[in-house]
Structures are given as C-alpha cells and as structure tokens.
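Visitor: I would like to know what stands behind each label used for this model. Please show it to me, then take my questions.

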Amino acid sequence: MKQDKLIQLHQQQLRNFELARKNFKALGQVVYRKLSALDFHIALQYNPARMISTNANVAPEALKARPCFLCKEHMPPGQEGIPYGEHYHIFINPYPIFEKHFTVPSNTHSPQAIDNRFEDMLNLAFDFQDYTIFYNGPECGASAPDHFHFQMAPRHIMPLEEDTENRQLTDTLCRKEFYTISTLKEYLRKVLILKTGERRLLPGLFGQIRQIIGKYIPCQQEPMINLLCWYAQDQWTVCIFPRSARRPRQFYAEGEEKIMFSPGCVDMAGLIITPREEDFRRYNIPLLSDLFGQITAQPSAWQEIITQIKTL
Ligand SMILES: [Zn+2]
C-alpha cells in the first residue's frame, strides 16, 4: 500500500532528520482560531516557524543566489525521500503546516509550471486518497518557483473540501453528463470546481479552463493559479483559484498597516497561515474580504470567465 510508505517515511524522518523533528514538535504548539461567515468558516493558524516561507524572496536574482532547497545536493542533513514514478521523490516538509505534510519535487531542477504535469497530480491524488494534492503557481505562493513541486496535506483539514459539498454555497455553472463545473457564492475568493468520475476527461477540461482563465488574469508562462485536487467516492475534485496578484498592498506597508498575508493554496482553501501574532489577532471577515479581494480574479475578469465556462 503506497500510503503506508508515506507513514513509514514520516516516522523514519522524525527519528533521523533533526530539523523536521524540531519543527513537527513545534507544530504541536500552534494556535488556531475560527472565523465564521454566513455559510462557511475560515480557520487561522498562528505558526511563527512559517515566517521563512511567507516572507520568501522569490525575485529571480535572489533565487539564483541561494542554493535550491529542493535539489537533493542542497537538502539539509538527514532529509531523505522515497521515489514516486519516474520523475519525482516524496519528502516530508521540514516547515510543516499539517501533522502530515509532504513535498513532491521533480528529480530535476526545472521551473514550477503545471503544463505536462497535471496528470501527475491526478496520479498522486488517486494513489494517496487520504491526501489533498496542491500546486502553487510560480507567482502565487510557491516559495521555490524555480524547482517544480507539488505538496500533500491530509484530507478534511482545509475548509474548502467541506465547502465544495455545501449546496447552500454552490452555484453550478455547467452541468454535463459526465462532469460539473461550479463555483462558491460570496466566498471572498473566486474558485472554479471541476468534478467528474471520468479521469479521461480531466486533462482536456483542465486545458480548456486554463485557456479561458489565461485570457483574463495575469499570465506569464501560465495563468496565475492555485490548484488543489483530491479523489473520493469514485470522483475527482479539482479546484482552481484564478489570481490577480501575489500579495495585497498591506503586505508591503510599514508599521501598523502591515499584514504578513502572502497566500498560497492552503490560505485560499480557508486555512490562513499566520506567522505573526498581531496578524493572527487582527484578522476578521471584513479584513479578509479586503485582502482576498485584492489578490483573487477581479470582478470584470471573473464575469468574463464564468460567461465562457457556461458555454463549455
Ligand atoms: Zn532545485
């Protein structure tokens, strides 16, 4: 059983990998808080150890100057992984957010880009059904945009997973015999949810959605997206968050106004990781509405996107 190998890796690394042992132990001390909106909630995690990732300098010069922590030769002493398929290894994340938290980098130092990798994500979701697989685009949350990687988190922790099953929230945009595409209403951030039991349809549908999104949101090598995927009850769920910016203006502000909000998949999925206590105390739904509003697809772009999704 592939999932057993992950648990073995996790246990082995907690014995032999000092940095991970220390940080997973510290995870026991993180504090949570819950914010309730009308039909959903947002969870906050105060986690000082995540300062490094939240504040990561991902400017091209900075990336070139640092040894890449996803390349095997620069990994900290004691870090070991298990091979996955031909192109990846699975490692535990030494800066965890979840009690089981894995990183799946490619074996080679190649840039974060989902093209030609989406099917690998589907394979991971199918092979590890206790986990949600996620992908941060190079300009929206990846702290190593120069080295391709997925991450894996245990299922049923990020509020998004439950929200995609909530009929009160769901607005179906497109219902076909073998798949549906929907969104969540009044959800602070824009999301497209693709559900199907037919795996063969997914690459084509994802390609079409990617193409539509790419016309209306910032798009360098690829449209700015956060992507999550899981497999349950014979069905795939793929969630796509189209973005308009990496960080809100408050991230760059000085003094009182500053907020360390630099969201990736986990934050978009309703679990906000907060490295500073003052931010953790300050968050409320109106503030999050402002912050998410600045970085999610903007209203006019979103209108165009859903109009086109409806014609699929
Ligand atoms: Zn690398």
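Guide: Helices (H or I, at least four residues) and strands (E, at least two) are DSSP runs, numbered from the N terminus. By that rule the chain has twelve helices and 13 strands. The model is predicted: local features need pLDDT of at least 70, side-chain atom pairs count only at pLDDT 80 or more, and totals for chains, interfaces and linings use all residues. Residues are numbered from 1 along each chain as its sequence is written.

Visitor: Why is the chain called as compact as a globular protein of that length?

Guide: The radius of gyration is taken over C-alpha atoms, and the globule rule is 2.2 Å times the number of residues to the power 0.38. For 312 residues the rule gives 20 Å; the chain has 19 Å, which is close, so the label holds. The C-alpha trace spans about 50 × 50 × 35 Å along its principal axes.

Visitor: What makes β3 and β8 edge strands?

Guide: Two strands pair if DSSP finds at least two bridges between them. Ten strands form an open sheet, in the order β3-β4-β5-β7-β6-β11-β12-β10-β9-β8, with antiparallel pairing. β3 (82-84) and β8 (170-175) each have a single partner strand, so one side of each is left without a neighbour in the sheet. The twist averages 25° from one strand to the next; axes are lines fitted to C-alpha atoms, for helices over the stretch in contact, and angles run from 0 to 180 degrees between N-to-C directions.

Visitor: How do you know that β5 and β6 each pair with β7?

Guide: Count the bridges against the cut-off of at least two. Four join β5 (residues 102-105) to β7, antiparallel. Four also join β6 (residues 131-136) to β7, again antiparallel. Val 104 stands opposite Phe 150 in β7, and Tyr 131 stands opposite Pro 154. Further along the sheet, β10 and β12 pair over five bridges, with Leu 194 opposite Val 238 in β12.

Visitor: What makes the pairing mixed in the sheet β1-β2-β13?

Guide: Strands of a sheet pair through backbone hydrogen bonds, either parallel or antiparallel. This open sheet of three strands has mixed pairing. β1 (31-36) and β13 (271-274) are its edges, each with a single partner strand. Here the twist averages 20° from one strand to the next. β2 (residues 41-46) and β13 run parallel and are joined by four bridges. Ile 272 in β13 is the bridge partner of Leu 44.

Visitor: Why is Trp 236 called buried?

Guide: A residue is buried if 20 or more other C-beta atoms lie within 10 Å of its own, exposed if 12 or fewer, and partly exposed in between; C-beta atoms are placed from the backbone. Trp 236 has 20 C-beta neighbours inside 10 Å, so it counts as buried. Trp 236 lies in strand β12 (residues 235-242). Leaving out residues up to four places away in sequence, Trp 236 touches residues including Leu 122, Ala 125, Arg 199 and Cys 229; contact requires C-beta atoms, placed from the backbone, within 7 Å. Of the 312 residues of the chain, 37% count as buried.

Visitor: Are Glu 186 and Gln 233 buried or exposed?

Guide: Glu 186 has 11 other C-beta atoms within 10 Å, so Glu 186 is exposed. Gln 233 has 7, so Gln 233 is exposed too. Glu 186 sits in the loop between β9 (179-184) and β10 (192-196); Gln 233 sits in the loop between β11 and β12. Neither is a glycine, yet phi is positive: about 50° for Glu 186 and near 45° for Gln 233.

Visitor: What makes a set of residues a nonpolar core?

Guide: The members are buried Ala, Val, Leu, Ile, Met, Phe, Trp, Tyr and Cys residues, joined through C-beta atoms within 7 Å. The largest such core has 70 residues; Ala 125, Ile 133, Met 152, Cys 229 and Ile 240 have the most contacts inside it. Strand β11 (residues 225-232) gives the most to this core, with six residues.

Visitor: How do you know that the buried residues of α5 are on the same side?

Guide: In helix α5 (residues 118-127) they are Asp 120, Met 121, Leu 124 and Ala 125. The arc is that of the directions from the helix axis to the C-beta atoms. These residues cover only 140°, which puts them on the same side of α5. They pack against β5, β6, β7, β11 and β12.

Notes:
Contact = placed C-beta atoms within 7 Å.
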